[in-house]
Amino acid sequence: MTDIANVVIQGVLLGGLFAIYALGLSLVFGVLRIVNIAHGDVLVLVAYVALVICDSFSISPFLALLALIPLALLGGFAFQVGVFERVDRRDPLVPMLVAFGFAVVIQNGLLLLFGTNPRKLDAGAIEQLGVSPFPGINVSVLAVMILVIAIVLIAIFQAILYRSRFGIRVRAVSDSEENARLIGVDITATFRKAFMMVMLTVAVGAVLMGIKTNFDPFSGASRLLIAFEVVVIGGLGNLWGTLAAGIVIGLAQMVGASIDVSYQTLAGHLVFLVILLIRPQGLFPKVVG
Amino acid sequence: MTTRYRLGGLSRLDTTLMAAGAVLLALLLVLPLVASPLVVDKLTLLMIYVLLAVSWNLLAGFAGLVSVGQQTFVGLSGYFVLRLVEAGIAPLPALAAGSAAVLVVAWPLSWIVLRLRAAEFAVAMWVIAETIRSLVMFDPLVQGETGRSLMTLNAMDADLRRTIVLLAAVLAVSVALVTSYRLLRGRLGGESQAIRDDEEAAGSIGIDTLRVKRTIFLVSALGCTVAGSLWLASAITYQPRTAFGINWSVFMLFMVLVGGLGSFTGPVIGALLLFAIQEVFGDYGSWYLAGLGVVAILFALYAPGGVVGLITGRSLREPLSMRKTLVAPRG
């Protein structure tokens, strides 16, 4: 009984990390209308940057985040202006192909710089810290913290998207770029700001990923697939749905892992495919209005 | 009085290109008589690339379905061949049957994935590739990461095996080129290009979009499975990580994007280019792959029409174009 409870708790907590991976992908997908195939690789790239910062200054990854966030925003801005705004977006295939090209470049670039050894960010004592609210039930403090960060991030994004004037513009662009332009929305500026939000989730997600799991230059693919599954199940533009979907995939993975470790990823994929088969529109489709 | 327009036919350049292609493929058929084993192996690889590029272009260039999961079919056909050989079937029939068997998987798959929107389709195919790879790796026959060799194929006379594989590859490429040409010049080509350009509009004028997409999906899957079988026949060892590797998608994307997405000649040019680049830079490993990525990005940004687009420019007519052009009657 306590075994089952532990699996469920771990699954729910893991869902928080997955929701953070997915948050950025969901925004790019929903607003910029691109499936950023390089999303996972960008996460891994930023995690390596965090690793370099931590190693060079011997600081905690949480402290490194203070430098990482501006760096990620700057990098994202440079990419946005230098590459993305030059892409011919009339054909949605082209941006996707560009992203795929970047994925290949990032993977092999990281391989050349860092080799294939799996790396991890060291957050110190908090990693082993656990509480036991009931006998036999163990809860990792770090995992709870990650879930709380996910909830806070989603609450902030939800408020920005549904309660601010900027949010109205983002949603207008998301619904129809042409109509938004007609009513005077500055599309380029909106895209740039939305992309800043994406890079914020990437910086936070990369550090939490690096603390919680090992990563190597080719880890991006598995992170992308998880993020993608969460976005599709959660329903585009539905941020709380993203959290719920993260928990669904997290639970699936943990249940799989409790049977055999090698089933962990596969269980997530299978649950995703079954949901896709039954409800192609996702479990929590976007609320209209 | 109404003017009767007709569909444009082939230009002189088109017929010359077709004749040259046929002569080249015929030359490849007699080549094993004189060429060294190394050359035969390399040409087999080139044929596999052409087959993959043509298949991927059929899907992405003509039906607008970009997939980053076509390695599903490459990997699965190798696995089926392995299983069939294990069941006691001779290697050559097994290679053929393995390719066909994949369609049993591709057909039901098409029902799931073709309902998705384009962007979701792309990544969902990747999830499927990873799922099937995990499942295949649970089969003890494959021996996990180690992989397994096709012993019975290895027992064949090496030169004979090489020759047969190259001949099969040339045959497969010829069939793929002729089939896709006939498909695309025909009704299906018009329908699929209409779907690629605007799926809703295509549906509203009475095109059964799901049927057209499914046909293209299955033909493309078949091309990838045959390529997978041929690759296994020349590499002999089957490793699930390589067979289901994302690198197949990287190569397909590179060839089609650089050659010319949605043109008939583009994938062939792209395959030749990838083959040449690999011959020269292949030993550089990660540098080489990163370079492929950079070239693909540059083409996507500055020459989305690929080499074919660059050659043809705006004024000239695209060689062997699949576009339907109307020609006014003379006089």
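Reader: How far does α9(A) reach from its first C-alpha to its last?
Author: α9(A) has 15 residues. A helix here is a DSSP run of H or I of at least four residues, and a strand a run of E of at least two, both numbered from the N terminus. The expected span is 1.5 Å times one less than the number of residues. For α9(A) that expectation is 21 Å, and the reach is close to it, at 21 Å.

Reader: What kind of model is this?
Author: Residues are numbered from 1 along each chain as its sequence is written, while chains are lettered from A and ligands numbered from 1 in the order in which they are written. Local features need pLDDT of at least 70, side-chain atom pairs count only at pLDDT 80 or more, totals for chains, interfaces and linings use all residues, and the model is predicted.

Reader: How many residues of α9(A) are buried?
Author: A residue is buried if 20 or more other C-beta atoms, placed from the backbone, lie within 10 Å of its own C-beta; 12 or fewer make it exposed, and in between it is partly exposed. α9(A) is mostly covered. Of its 15 residues, the buried ones number 13.

Reader: Which residue just after α9(A) takes a positive phi?
Author: Look just past the end of α9(A). The phi there is about 85 degrees. The residue is G235(A).

Reader: What is the order of elements in chain A?
Author: Chain A has eleven helices and two strands. Its C-alpha atoms fill a box of roughly 60 × 45 × 30 Å along the principal axes. From the N terminus the order is α-α-α-α-β-β-α-α-α-α-α-α-α.

Reader: What is the radius of gyration of chain A?
Author: The radius is taken over C-alpha atoms, and the globule rule is 2.2 Å times the number of residues to the power 0.38. For the 289 residues of chain A the rule gives 19 Å. The chain comes close to that, so it is as compact as a globular protein of that length, with a radius of 19 Å.

Reader: Why is α8(A) called largely enclosed by the rest of the structure?
Author: α8 of chain A runs over residues 187-212 and reaches 37 Å, close to the expected 38 Å. The helix is largely enclosed because, of its 26 residues, the number buried is 19.

Reader: How many helices and strands does chain B have?
Author: The C-alpha atoms of chain B fill a box of roughly 70 × 45 × 40 Å along the principal axes. Of its 331 residues, 48% are buried. Its elements come to 15 helices and four strands.

Reader: Which helix gives the largest share of the side of chain A that touches chain B?
Author: Two residues are in contact if their C-beta atoms, placed from the backbone, lie within 7 Å. The contact takes 35 residues from chain A and 33 from chain B. On the chain A side, α4 (93-114), α9 (220-234) and α11 (264-278) each supply at least two residues. The largest share, 14 residues, comes from α4(A).

Reader: How many residues on that side of chain A are nonpolar?
Author: Ala, Val, Leu, Ile, Met, Phe, Trp, Tyr, Cys and Pro count as nonpolar, Asp, Glu, Lys and Arg as charged, and the others, Gly among them, as polar. Five residues on this side are polar and three are charged. The nonpolar residues number 27.

Reader: Is S58(A) buried or exposed?
Author: S58(A) sits in the loop between α2 (39-57) and α3 (61-82) of chain A. Its phi is positive, near 45 degrees, though it is not a glycine. With 6 other C-beta atoms within 10 Å, S58(A) is exposed.

Reader: Where in chain B is I236(B)?
Author: I236(B) is not a glycine, yet its phi is about 70 degrees. Around it are 15 other C-beta atoms within 10 Å, so it is partly exposed. Its place is the loop between α10 (209-235) and β3 (237-238).

Reader: How far apart in space are G266(B) and A172(B), C-alpha to C-alpha?
Author: G266(B) lies in helix α13 (residues 266-281) of chain B. G266(B) is buried, with 28 other C-beta atoms within 10 Å. In sequence, G266(B) and A172(B) are 94 residues apart. In space they are separated by 18 Å.
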